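This report describes the fold, the surface and one residue of a single protein chain. The sequence and the structure come first.

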Amino acid sequence: MSLLVIAALLYLGLALGFILVVDNLVGLVFHDPRAPVQPPKFDIGRALAASQKLYRK
């Protein structure tokens, strides 16, 4: 029974991963030119500065 549950969870995980990959590929090919450009969500320089500031304390 536990093998069946593990197999089902793996199947769902692979299916969701496949859907995400296909969705991202379609988004790359058919992007909306009117969509505003989003700023990067993670700024490595700001993260380094913050970590150095915390390290000095």
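## Fold

This is a predicted model. The protein chain contains 2 helices and 0 strands.

Helix α1 covers residues 2-29, which makes 28 residues. From its first C-alpha to its last, helix α1 reaches 41 Å, close to the 40 Å expected at 1.5 Å a residue.

## Burial and surface

The protein chain has 57 residues, of which 0% count as buried. Helix α1 is hardly covered, with a count of 0 buried residues among its 28.

The accessible surface of the protein chain is about 6000 Å². Carbon and sulfur atoms account for 73% of this surface.

## Nonpolar patch

A nonpolar patch on the surface is formed by F18, V21, V22, L25, V26, L28, V29 and F30. Together these residues have about 840 Å² of accessible area.

One of the patch residues is V21, which is found in helix α1.

Note on methods
Residues numbered from 1 in each chain as written. Predicted model: local features only at pLDDT ≥ 70, side-chain atom pairs only at ≥ 80, totals over all residues. Heavy atoms only, no water. Helix = DSSP H or I, 4+ residues; strand = E, 2+ residues; numbered from the N terminus. Buried < 20%, exposed > 50% of the residue type's maximum accessible area, 1.4 Å probe, protein only. Areas by Shrake-Rupley, 256 points an atom, 1.4 Å probe, with all protein chains shown as cover. Expected span 1.5 Å × (residues − 1). Patch = residues over 30% accessible without salt bridge, like charges linked within 9 Å, V, L, I, M, F, W, Y side chains within 5 Å. Salt bridge = Lys/Arg side-chain N within 4 Å of Asp/Glu carboxyl O.
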